[in-house]
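Open the model in your viewer and follow the stops below in order. Each one says what to select and what is there.

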Amino acid sequence: MEASDIVIIGGGVAGLTLAAELAGSAKVLVLEAEAHFGYHASGRSAALYEPAYGAPAVRALTEASLPAYQAGGWLSPRGLMLLGQTGEDEGFRADVAGMNLQELSLDEVREIVPILSRSVAFAAFCDRPQDIDTDRLMQDALKRLRAGGGALRTGLRVTAIRRDGGNWLVTAGDEVFAAPVLVNAAGAWVNEIAAMAGVSGPQFQPYRRSVARIAAPGGADLRRWPIFFGIGESWYAKPDAGALIVSPAEETPVGPHDAFSDDMALAEGLERYQAHVTPEVTRPLATWGGLRTFAPDRVLVIGEDPVQPGFFWQAGQGGYGFQTAPGAARLGADLILGRAPELSADLVAALSPARFG
């Protein structure tokens, strides 16, 4: 039996950045079911830092993460463009107001993205969003974890959890791990881990999102293009390593699994994208799917369970896992180590599992 101060289940961005914050102050072990860390949602993220995205508590946590992002050098300019067609006036105005965008003339937006078709009737822009170097962020977190004496174990799927006195005993593979603090950072499997531990809490719902990677239209240089999307986030296209990733931005409720794309959803998304651009969409270079797991109120859940001492939630990242990761990790570490949180009391309460009763 291997003993630690804290066992974290889940080697995605939530679990790994929390472990990095805790390392050096406690003996930390991260257990990841897959052979590689960051395999599921963290490995399939759109990788965008957008402080105007999400509910108020999510936005506040995103803003609190900015100093760490700047210090880590994990951000680079991207920008965001909203596109609307005739008849979408009301939705366009709502999105512009909700995301604090600046309306631009059609000539101005075509200077930024030259492939836009004449069907685009409205456009708005902001330079606030930035790309996240997700791989370097995760690698840096792993280095901090190891430098602080912590460990990451991959390929170990948790099969049983029980309480024994003051410790949680976690069975994974043919090994047992013991710690007084157990962190549930299991992403789409968060409900299953809680049930194994006999903890009842909020019910989280994973949603599938499909993505296609297509060649740069006409061989264009996409490095300075923003992410651009339709009214109500009905689709989006984002430059990515010389190509475009296009998604219908669908949310289909599913169970936890190794997600794959839905061909019909992708076809609809590519058709919506095609309606806004002139180059013909050709066969995708690749397709994939990812899961975004939300709490009932679509706000992250960070804190000790109000009923079961020693059981800690770091869950419900939804589509905001990377953009909130530094702030979420810092808050989680503060609460676990008994430090006064740097965030406001109102925000801590808005993120706490106690809000569900």
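The domain bounds used at the first stop come from an automatic or database domain assignment. The model itself is predicted.

**Stop 1: the second largest pocket.** Colour domain 1 (6-61 + 133-204 + 296-356) and domain 2 (80-126 + 205-294); both give residues to the lining of the second largest pocket, so this pocket lies between them. Its space is about 480 Å³. For the elements, show strand E9 (130-132), helix H5 (134-147) and strand E17 (236-240), which each give two or more residues to the lining. To centre the view, select Ser 45, Ala 47, Ile 132, Thr 134 and Asp 240, which lie nearest the pocket's centre among its 28 lining residues. By class, this lining divides into 13 nonpolar, 7 polar and 8 charged residues.

**Stop 2: Glu 21.** Go to helix H1 (residues 13-22) and select Glu 21 there. Is Glu 21 buried or exposed? Its relative accessible area is 18%, so Glu 21 counts as buried, the limit being under 20%.

**Stop 3: the largest cavity.** This cavity has a volume of about 50 Å³. H1 and helix H8 (321-337) each give two or more residues to its lining, and H8 has the largest share, with 5 residues. Select the lining, including Leu 18, Ile 302, Gln 314 and Ala 325. Colouring by class gives 7 nonpolar, 5 polar and no charged residues.

Definitions and conventions: Residues numbered from 1 in each chain as written. Predicted model: local features only at pLDDT ≥ 70, side-chain atom pairs only at ≥ 80, totals over all residues. Heavy atoms only, no water. 1 Å grid on protein atoms, 1.4 Å probe; cavity = no way out; pocket = protein on both sides within 12 Å on 5 of 7 lines; lining within 4 Å. Points joined across faces, edges and corners; volume = space filled by probe spheres on them. Helix = DSSP H or I, 4+ residues; strand = E, 2+ residues; numbered from the N terminus. Nonpolar A, V, L, I, M, F, W, Y, C, P; charged D, E, K, R; others polar. Buried < 20%, exposed > 50% of the residue type's maximum accessible area, 1.4 Å probe, protein only.
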